[in-house]
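Dear colleague,

Please find below the structure that I am handing over to you. My notes on it follow directly after.

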Amino acid sequence: APLPAPRRIKALSQDVVNKIAAGEIIVAPVHALKELVENAVDAGSTALEVVVKDGGLKFLQITDNGHGIDKEDLSILCERFTTSKLKAFEDLSSIGTYGFRGEALASISHIAHLSVTTRTKESSCAWRAHYADGKLASAKPGQSAEPKPIAGRPGTQITVEDLFYNIPSRRRAFRSASEEYAKILELVGKYAVHCSGVSFSCKKQGDSTIGVSVPMSAGTVDRIRQIHGSSVASELVNFKAENVRWGFKCQAWISNANYISKRTTLLLFINHRAVESATIKKAVEQTYATFLPKGGHPFIYLSLDIDPQRVDVNVHPTKREVHFLNEDEIIAIICDEMCDSLSKVDTSRSFMTQS
Ligand code: ADP
Ligand code: MG
C-alpha cells in the first residue's frame, strides 16, 4: 500500500497552549489552593478561611485579611508573569518568598471560573472582578467586564469554580471528591502548623463540621495538637540548627521515641513553602531507625531557611521540587542534631525509670 501523505505541521492556538500549560501546573484542586494560600500568607494575612465543595472541583474559596490588591492592578492580575514580588531577573535569586512567577492566578483563570473580591486599607470600598483566560471578563453575558465596587472588609477573597470545566478528560479523572478534600485538609493543616500568628479554618460548603481550625494565638505545639492530635503533641521535642558556611538555619518539632506511628509524617517547609523531599525523608527515617522499633515511624515538622541564592526553585513550574546547594552536608547536620535531641530524651527516660 502507498504511504499516506505527510500531514502538515500546524501551531496549536494560544488558547490551547495556555490550557495545556495551566493543566500542568494545576493537576488537582489542592495545587490551586496551595498557590492561593501562599498568596494570602504573602499578603501578610493573620486570618485565612477556606471553603470547599466537591473536593474543590466545584468550588474553592479562600478569604484572607491581608493587604489586598489595588483596583488599578485588577486589569492585569491574571495575565501571565504579572507579579508584585519580582522586578528583575536578579531578584529571582534573592527573593525571600518564592511564589514569585506571576503564573498562579493566570493559570487558574485558563481552567476555571475565577473571581476576586479585594479591598486595600486605603480604599473606601471593595472591588469585585471576574476572569477568564487571563483577562477581565463579565460575570454574565452582556454585562461589563470592569471591576465593580461593592461593600467588603479589607483583604482578599478568591473564588475558583468549576475547575477543569474546559478539560473534560481531566475532570473525569477524579473519582472521589473526598480524596481531593483529604489532600486539601492535609495542605491547609501543614500551613496551619507552620504559620504562627495566623488563624486557619477549612470546611466543606454548607457543612457545620470544620476540617481544620486553628486560632491565631496558638503556639506551634497547640497547632500540632489541633491538627495531628494529643498523642503526638505530648511527645514532642524541638531543636534548632544552623550553619553559616552552608547558609542555612532550621527549626524542628519532632516526636520522641515514645511515639510510634505506622507511617512517617513529614511537614517540610523550605523558606516558608511546603515542599516534598524524598532525600530528607529517607535521611530522617534512617536517623529514627535506632530509636524506634522496627516498623515504627516518627512525626517531623521541619522548617528550613536556606540562603535563597543557594536554592533552585525553578526546576519545575509547580515548584514542588526544590534543590539546594550542599544538600548532603545540610541534611547531615540536621540529622546529627536530631539524633542528639532524641538521645537526650532517651537518657532522661531511663534515668526516670531507674529512680
Ligand atoms: P505571584 O504570587 O507569583 O506573584 P500570582 O499569580 O500568584 O503570582 O499572583 C499575582 C499577584 O497578585 C501577586 O504578586 C500579588 O500582588 C497579587 N495577589 C494575589 N493574591 C493575593 C492576595 N490574596 N492578597 C493580595 N495580593 C494578592
Ligand atoms: Mg502566588
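A residue counts as near a molecule if its C-beta atom, placed from the backbone, lies within 6 Å of it. Around ligand 1 there are 22 such residues, and the closest are N39, A43, T83, S84 and A104. Two or more residues of this shell come from each of α2 (29–42) and α4; helices are DSSP runs (H or I, at least four residues), numbered from the N terminus. The shell divides into 8 nonpolar, 9 polar and 5 charged residues (Ala, Val, Leu, Ile, Met, Phe, Trp, Tyr, Cys and Pro are nonpolar, Asp, Glu, Lys and Arg charged, and the others, Gly among them, polar).

The model is predicted: local features need pLDDT of at least 70 and side-chain atom pairs pLDDT 80 or more, whereas totals for chains, interfaces and linings use all residues. Residues are numbered from 1 along each chain as its sequence is written, while chains are lettered from A and ligands numbered from 1 in the order in which they are written.

The average pLDDT (the predictor's confidence in each residue, from 0 to 100) is 90, and 90% of the residues score at least 70. Over residues 94–100 pLDDT stays under 50. Where pLDDT is low, the predicted coordinates should not be read in detail. The scores of the model are ipTM 0.99 and pTM 0.91.

The domain assignment (automatic or from a database) gives domain 1 (14–214) and domain 2 (229–350). Their centres, taken over C-alpha atoms, are 30 Å apart.

Note on methods:
Contact = placed C-beta atoms within 7 Å.
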